[in-house]
Amino acid sequence: MPWEQVFTLTFLIAVLTAGIRLAIPVLLAVLGEIITQRSGVMNLGLEGVMLMGGLAGFATTYHLEQWTGLTELPAWIGLGAGLAAGAVMGLLMAVLAITWRTDQVVAGITLVLLGQSLTTYLYRADTALGNARITGIALRPIPWLSNIPVIGEILFNHSPITYLSGGLVVLCSVLLFRTNWGLQIRAVGENPAAVATSGLSVMRLRYLCTLIGSAMAGLGGAVLTVVQLNLFIEGVTAGRGWIAIALVFFSRWNPFVALGGALLFGIADALQFRIQALGSEEMPYEFLLMLPYVLTLVVLLFGNARDQTPAALGTPYTKGER
Amino acid sequence: MTVDQLTPTPPQKPWTHRVKPFAPGIGVLVALILSGILIQLSGANPFEAYKVLLLGAFGGTRQLTETILKATPLLLIALGLTIAFRTKVWNIGAEGQYHMGALLGGIVALTLPNLPAVLLIPLMMISGILGGLLWSGLAGLLHLKRGINLIICTLMLNYIGMLMVQYGARVPFRDPDGFLPESAKFVEAAQIPRLFSSRLHIGVLIALVLVGVVYVLLWRSPLGFRLRAVGAQISVARSIGLNTSQHILAALLLSGAFAGLAGVIEVSYTYTRLKQSISDSYGFTGILVALLGQMHPIGVFIAAILFSALVIGSQTLNVSLQIPAAVAGVVQALLVLGVLAGQAIAQRDT
């Protein structure tokens, strides 16, 4: 077992840096889903939404790069396209779950199937995308800070998206717990009837939260393909949408805990890649991949989950219902 | 005053009421039109595409055989989920239960290769069912004893089960002589027998028998009545003295057993070894099959054939018209969306 290859500083720095990078797409999806679930809607379709965002982002970037010959700008527009594709999927989820009051589990699974098959279909139909590569967005080391030994390399040598995502964690937390609007969102997830009585529209709040959450998952998918991999392949998200759902429960709907969970996933994922690259047959890297799921179950097992779960999570609201 | 005048006139039902029985049909029609537009956009004639699709799935003995083989795991899983969903038990862990069934069944096949088929096959089936029971039972335990949301328990166990198979195929049960991270091929005796001289196997027969069994269980047996009672209104079921936890667990275990059986049948006949990928998302698609089949065994049977036909037919579509085979999944998703929309619109204001 090449353990001596594992416990070196270079290895550790590489794993932690990659871990932060790998955490970002999942983190974005988790933050979005926290907002959605706080409003009482459970969108299980994230895997499909992330794929749609990933393809929309990649295809837009690729064609714009080819057409304009520019770098960076097409990638930013591509990220916007991923966000928009996520929002469109969110709209579908919202119509199903909120307007039609379809069971949310069924709606979510349908979204996954739609996202998986439609992205595969379109990817194959647009033959230009087959072996396409894009330039994406360059790393932006932060001046001064990135020169700090070890820490600088791990924390301050990333793409701008990584720093922005860090900011989004704070923003989401402030939004949910420090603003009036956040209070409304949490209230509609706890007791929609009371919110309706106070004169607010349950439908509007839930539509908005589902759209925002789904748009962020779409952005997460686009970050994966446009910024990190610079390519698209079928099923490129490889279960990250499901990981995101696990982490929402792991985090108890708290953005900061979600950041920790996403980093844990990212580091486990990076470690797993490295271990596979070392070529050691015996290393059970599958258990590293299981970690997010097992940890979520353990956290739910030993915590009192009922305390924080939005009370109306997963139940459709009928106007006039008490 | 006559009796006629005393009876209040029933309120005028909106027009949607008359459409209601046809809602799923209209949904299917809309889905087919939308898919047709997509096919048109990718440069093929939709009518021709649908014809090719139908012929590719039903046009001959070989095509029909493939369609039936592909429908079998979907049918088994969806039948189990029908029991669960009728009890309002949201088991979305069929994918994991399927994998555990395949894993335990596969381990039996690999460790007892010298057993005669008459012993080995039943032993594999039992282990497969046990695998499904184990995984659904674990979810049930976490849900009923610790109050963890059942959707989350079953969902988490999905990937854990899938990764267990990947690990099993790569390390402990890997074929030392092979290049790929998979086990050696099962011995002949571990492959479930064929029906007559066709490519169909006895698993198909088992699935067909289970269509009837599930119907009798749900609508002609006391247990089925109690399960449906729990599903219809859990508070009423509790107040008439039913042990609801017990019934939730029973529904969960039954659906897990079905998924485990599907897993062991597939691994025994289709894959004939433990590999990195031994499922075509059957566990997830099965959820939609159960739903599209209106959670009724006959409906589920039709839906499983339909979903399978789309997959098999689209392979021909790919070869002859260069339409990506993934169109099958798109049509499946649109079908479900269409039916959901139809139901939602029909149920409004009635």
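The points below go from the chains to their contact, then to selected helices and loop residues.

This is a predicted model, in which local features need pLDDT of at least 70, side-chain atom pairs count only at pLDDT 80 or more, and totals for chains, interfaces and linings use all residues. Residues are numbered from 1 along each chain as its sequence is written, while chains are lettered from A and ligands numbered from 1 in the order in which they are written.

**Chain A**

- Chain A has 14 helices and two strands; helices (H or I, at least four residues) and strands (E, at least two) are DSSP runs, numbered from the N terminus.
- The radius of gyration of chain A is 20 Å, close to the 20 Å that the globule rule gives for 322 residues, so chain A is as compact as a globular protein of that length. This radius is taken over C-alpha atoms, and the rule is 2.2 Å times the number of residues to the power 0.38.
- The C-alpha trace of chain A spans about 60 × 50 × 40 Å along its principal axes.
- Of its 322 residues, 51% count as buried (20 or more other C-beta atoms within 10 Å of the residue's own; exposed means 12 or fewer, partly exposed in between, with C-beta atoms placed from the backbone).
- Among contacts in chain A between residues at least 6 apart in sequence, 80% join residues at least 24 apart; a contact means that the C-beta atoms, placed from the backbone, lie within 7 Å.

**Chain B**

- Chain B has 15 helices and zero strands.
- Its radius of gyration is 22 Å, close to the 20 Å from the globule rule for 350 residues, so chain B is as compact as a globular protein of that length.
- The C-alpha trace of chain B spans about 90 × 60 × 35 Å along its principal axes.
- Buried residues make up 53% of the 350 residues in chain B.

**Contact between the chains**

- In chain B, 33 residues are in contact with 36 residues of chain A.
- On the chain B side, the elements giving two or more residues are H7 (117–146), H8 (150–170), H13 (282–292) and H15 (327–347) of chain B. The largest share, ten residues, comes from H15(B).
- By class, this side has 27 nonpolar, five polar and one charged residues (Ala, Val, Leu, Ile, Met, Phe, Trp, Tyr, Cys and Pro count as nonpolar, Asp, Glu, Lys and Arg as charged, and the others, Gly among them, as polar).

**Helices of chain A**

- Helix H12 (residues 255–278) of chain A has 24 residues and reaches 34 Å from its first C-alpha to its last, close to the 34 Å expected at 1.5 Å a residue.
- The buried residues of H12(A) include Phe265(A), Asp269(A) and Leu271(A). Among the elements that cover the buried residues of H12(A) are H2 (9–38) and H7 (160–178) of chain A.
- The axes of H2(A) and helix H10 (residues 202–229) of chain A come within 7 Å and cross at roughly 170 degrees. That makes H2(A) roughly antiparallel to H10(A) (angles over 145 degrees).

**Loop residues with positive phi**

- Most residues other than glycine have a negative phi.
- Phi of Glu72(A) is near 70 degrees, and Glu72(A) lies in the loop between H3 (46–68) and H4 (73–99) of chain A.
- Phi of Asn230(A) is near 60 degrees, and Asn230(A) lies in the loop between H10 and H11 of chain A.

Methods:
Two residues are in contact if their C-beta atoms, placed from the backbone, lie within 7 Å. The expected span of a helix is 1.5 Å times one less than its number of residues. Axes are lines fitted to C-alpha atoms, for helices over the stretch in contact, and angles run from 0 to 180 degrees between N-to-C directions. Angles under 35 degrees count as roughly parallel, over 145 as roughly antiparallel, 65 to 115 as roughly perpendicular and the rest as oblique.
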